[in-house]
Amino acid sequence: MTTHRPVADQEQAEHVVRTAAGAVRGRRENGPAVFRGIPFAQAPVGAARFAAPRPPRRWDGVRDAYAFGPPAPQEAGLLGRAATRALPAGDEWLTVNVWTPDPDPAALRPVMVWIHGGSYKFGHSGSPGYDSRLIAAAGDVVVVTLNYRLGIEGFARIEGAPANRGLLDQVAALEWVRENITAFGGDPGQVTVFGESAGAGSIAALLAMPRAAGLFRRAVAQSVPGTFFSDDLARDMAAALAAEAGLRPTVADLSATDPRALPSAGEALAARMPGYTGRWGRAAPTRTPFAPVVDGDVLPTTPWRALAAGAGRDVDLVAGHNRDEFRLFTALAGRLGQAGEEQASRTLRTYAPGPDGEAAYRAAFPDATPGELHERVQTDWLFAMPTLRLAEAQVTGGGRAHVYELTLPAPADPALGACHALDLPLLFGTFGADLGLLFFGGAGPAPEVAALSDLMRRSWTAFAATGDPGWPAYDPQRRRVRVLDREPGIAPYPEETSRRLWEGTDFEALPLLERAPAGDAPRARPAPPRASARCPCGPVCPRRGAPRSP
């Protein structure tokens, strides 16, 4: 049902749409009608905490859908604690937002579902950088964005709870789309999931999850992280996380603690993770104790194995990455160009594939500085090669994949190169929001950059509508990819040198290298104080003494 209130400006016309749980009221904003903060599951608190998501409770009357729902409790992200304190408050974390050209059930437009990134521990679908108005308009599509549980709430492997609760939340949101999106003008049989960083890792996991089968037809994975945890590693990390809060890694212990107090435990452990290299291996220097867990149930195997075996054969895939992914993290740490020979050697020994990985990288990149080698191998290990290998696995399994690489340097600071997350403001056209301010300096883009931004939106939405983004499918012989730059083109995969170095290397679930002796087990620390609803600091209170997020 759609109704219109009489208003002078039709851009402010209101629309009422009936979902399975009740009616919601949205309104037109600069083109599309927007509906925010619609529950797709019950608030995961009380008896529902650490459980699989439960269907939303029905409501009577018409619910205003004007404001974004609150995100899950989370650590401070790349934009710092001030941004975290500014997020909406409340317990109704599991909500979706819809941008639609027209909520006409007969329209049956393609649907695009955005899954945000944030190291599986921060992020919010209501971030200004994810405003989906331009995407909805570019391809005449319905866009859905969603929140999911993060950090300990969503990904810690704790006793008495299902693994990968954040992924199960995403499945529940896709089920909501299947059941309700027709009322918003979308086609439930034409759903494309798209996401970046941890959002792309989530999509890779969804491709391998039996619970997600049939919920989407196409997928766009932007900068897929290769960090998937084995069950043993995830359980060991959960024990260390709980110990930071003075608790055991059980539902009984953790449920007794305010969820807004737990992110500080993750931040405290992240600061100490490099000291766990002997136990946690390559995962330790990432300072991120959260990732999808290959638990054998929710996620039976890694995405690369699943796709190579044909799990994604019926799903069209676009997968791509940025040329200088790791440069963002080096720059934010204030260490751009500072890595010396000793650090480069240590990094190469940690991440380069094969027994002679360091020598192979140095021979392959003979003119690279220590800083360039330090960044190159981490870009390759963390994002570039997992992304490319996901596309290759899709082709091996009988499916279709298209590959791209973004090579445009950040206009406001070319020293950042084509770094991680640069694709976000380009895709959404949000140059003056979030990290867009860092990459574009708050200024409007140059004409050729604006044209690239428009090309990305048209390519993504064309793929959602037809399965063809406008460039050839990837094949193991010619390896043609879309190169996104001021002058976009189609060329052989630009990172052929890295591809050869990693050829034949499997991306397996990261293992637990050794269990700590009893005397070296993580020590329980005093439990953090419970967050007070009256505390003016919000979910992250400096009186708890939580360390700075890395």
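In this predicted model, ring pairs join Trp-114, Tyr-130, Phe-194 and Phe-428 into a cluster. A search of the whole structure finds 20 aromatic pairs. The rings of Trp-502 and Phe-507 are arranged as a stacked pair, because their planes lie at 10°, under the limit of 30 degrees, with the centres 5.7 Å apart. Trp-502 is buried, with a relative accessible area of 1%, and Phe-507 is buried with 8%.

Rings also receive charged side chains. Arg-27 lies over the face of Tyr-66, at 4.0 Å from the ring centre, and the charged end of Arg-36 sits over the ring of Phe-68, 4.8 Å from its centre.

The largest nonpolar core has 117 residues, of which Phe-184, Met-209, Phe-216 and Trp-280 touch the most other members. Helix 14 supplies the largest share of this core, 11 residues. Apart from it lies another core of 39 residues, and Trp-114 is among them.

Finally, Thr-19 occupies the loop between strand 1 and strand 2. Thr-19 counts as buried because its relative accessibility is 7%, under the cut-off of 20%. A polar atom of its side chain lies 2.7 Å from the backbone oxygen of Gly-22. Among the residues that Thr-19 touches are Trp-59, Trp-176 and Phe-184.

Methods. Residues numbered from 1 in each chain as written. Predicted model: local features only at pLDDT ≥ 70, side-chain atom pairs only at ≥ 80, totals over all residues. Heavy atoms only, no water. Core = buried A, V, L, I, M, F, W, Y, C linked by side-chain atoms within 4.5 Å. Buried < 20%, exposed > 50% of the residue type's maximum accessible area, 1.4 Å probe, protein only. Helix = DSSP H or I, 4+ residues; strand = E, 2+ residues; numbered from the N terminus. Polar contact = N/O pair within 3.5 Å; in protein donor to acceptor, adjacent residues only side chain to side chain. Contact = heavy atoms within 4.5 Å. Phe/Tyr/Trp six-rings, centres within 6.5 Å; stacked < 30°, edge-to-face > 60°. Lys NZ or Arg CZ within 6 Å of the ring centre and 35° of its normal. Lists of a residue's contacts leave out its neighbours within four places in sequence.
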